[in-house]
Amino acid sequence: MTALKLKKLLLTAIAVAGIVVSALPDTTSAQNCRCAANLCCSKYGYCGTGSNYCGPGCQEGPCYTPPNDVVVADVVTEAFFDAIIRQAAESCEGKHFYTRGTFLEATGGYPQFGRVGTDDDSKREIAAFFAHVTHATGHFCFINQINGTSKNYCDATITQYPCNPSKSYHGRGPIQLSWNFNYGPAGDSIGFDGLNDPDKVATNPLISFQTALWYWMDFVHQVMNQGFGATIRAINGILECDGANPATVQARVRYYTEYCNQLGVNPGDNLTC
């Protein structure tokens with residue numbers, strides 16, 4: 001799970017915006033954001049994604065809306081969840097780590113997950129989330145990225161979230177949270193020390209699911225209306241989209257369409273990236 005370029009650009013944009021706006025009169029602070037189509041205009045007039053931009057006061061763009069009446073537990077039934085994890089071998093580290101109950105508990109902190117738009121929109125978002133989770137974890141088999149510690153997932157240029165040299169920021173959890181610039185803000189949002197205790201994502205099932213939902217709501221949720229392909233780009237676009245790895249794109253699409261069929265909803269258009 002990366003979306004590395006997007007994340008770095010976002011952090012850089014936030015830092016630059018703070019410098020530029022501080023030098024301008026208050027009357028110029030973005031009365032008309034004119035944001036890109038996939039960005040929200042915050043109540044303070046800045047473009048971005050996530051709850052600070054798309055939440056309360058959002059002026060334009062894919063703003064968060066009040067949740068609908070869908071009950072996520074009624075969509076993610078025991079039968080649906082078990083059909084996924086049943087395909088993981090008993091020897092898998094995630095077999096008894098990931099549970100439906102913990103997932104549902106984690107959604108309590110993200111009331112808009114799977115609850116925006118029509119009932120079909122909700123089902124498509126849930127199908128998309130589990131398609132990516134299935135692909136990332138091998139049907140909930142893996143908690144940690146395979147051979148994850150063989151690569152240095154520290155970006156020292158992101159000084160807002162400095163790396164602890166004794167820690168690894170390899171992929172962990174349902175969407176394989178990775179890199180210091182994801183562990184830091186995820187920990188700030190959820191309430192754990194993501195930079196100094198990243199292993200929490202691999203040892204605490206609730207935090208593990210919360211990091212997946214945190215990333216989803218901040219970087220993926222708002223592009224659902226663009227089709228499943230946009231969610232692939234938001235998660236791993238630099239490594240898979242635009243012909244980079246068509247096989248993994250197709251694997252994600254297969255899971256998505258399978259889950260849409262199970263949930264009785266049309267998968268929609270724009271499935272690939």
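**The surroundings of G57**

Find the residues in contact with G57, leaving aside its neighbours within four places in sequence.

Solution. Apply the contact cut-off, heavy atoms within 4.5 Å. G57 then meets C41, S42 and K43. The model is a predicted one: local features need pLDDT of at least 70 and side-chain atom pairs pLDDT 80 or more, while totals for chains, interfaces and linings use all residues. Residues are numbered from 1 along each chain as its sequence is written, and side-chain values use heavy atoms, with hydrogens and water left out.

G57 sits in the loop between helix 2 and helix 3. Helices are DSSP runs of H or I with at least four residues, strands are E runs of at least two, and both are numbered from the N terminus. Then take a C-alpha distance: G57 and Y44 are 13 residues apart along the chain and separated by 8.2 Å. G57 is partly exposed because its relative accessible area is 43%. The classes are buried under 20%, exposed over 50% and partly exposed in between, with a 1.4 Å probe and protein chains only.

**The surroundings of N68**

Is N68 buried or exposed, and which residues does N68 touch beyond four places in sequence?

Solution. Start with the location: N68 is in the loop between helix 2 (51-54) and helix 3 (72-75). Its relative accessibility is 12%, so N68 counts as buried. Now list the contacts: G114, R115, V116, G117, T118 and S122. Finish with one C-alpha pair. N68 and G117 are 49 residues apart in sequence, yet 6.7 Å apart in space.

**The whole chain**

How many helices and strands does the chain have, and what share of the contacts with a separation of 6 or more joins residues 24 or more positions apart?

Solution. Count the elements: 11 helices and 2 strands. Read their order: α-β-β-α-α-α-α-α-α-α-α-α-α. Then take the burial total. Of the 273 residues in the chain, 50% are buried. For the contacts, residues 24 or more positions apart account for 65% of those with a separation of 6 or more.

What span does helix 6 reach, and which residue just after helix 6 takes a positive phi?

Solution. Helix 6 has 19 residues. The expected span is 1.5 Å times one less than the number of residues. For helix 6 this gives 27 Å, and the first-to-last C-alpha distance is close to that, at 27 Å. Then move past the end: G138 has a positive phi of about 65°. H139 also has a positive phi, near 65°, and is not a glycine. Most residues other than glycine have a negative phi. H139 lies in the loop between helix 6 and helix 7. H139 is buried, because its relative accessibility is 12%.

Look for another non-glycine case. R34 has a positive phi of about 55°. R34 lies in the loop between helix 1 (4-22) and strand 1 (40-41). With a relative accessible area of 72%, R34 is exposed.

**Aromatic pairs**

How many aromatic pairs does the structure hold, and is the F81 and F140 pair stacked or edge-to-face?

Solution. Rings of Phe, Tyr and Trp (its six-membered ring) pair if their centres lie within 6.5 Å; planes under 30 degrees apart are stacked, over 60 edge-to-face, the rest tilted. The count is 24. F81 and F140 lie 4.9 Å apart, centre to centre, with 25° between the planes, and form a stacked pair. Distant parts of the chain are linked here: F81 in helix 4 (residues 78-85) and F140 in the loop between helix 6 and helix 7 (180-190), 59 residues apart. F81 is buried, at 1% relative accessibility. F140 is buried too, at 0%. Compare W214 and F219: 5.9 Å centre to centre, 80° between the planes, edge-to-face. Both W214 and F219 are buried.

**The second largest pocket**

Which residues lie nearest the centre of the second largest pocket, and which helix gives the largest share of its lining?

Solution. A pocket, on a 1 Å grid over the protein atoms alone, is an open set of points where a 1.4 Å probe fits, with protein on both sides within 12 Å along at least five of seven lines; lining residues have an atom within 4 Å of a point. The lining counts 20 residues, with D121, H221, M224, N225 and Q226 nearest the centre. Helix 6 (residues 119-137) gives the largest share, 3 residues.
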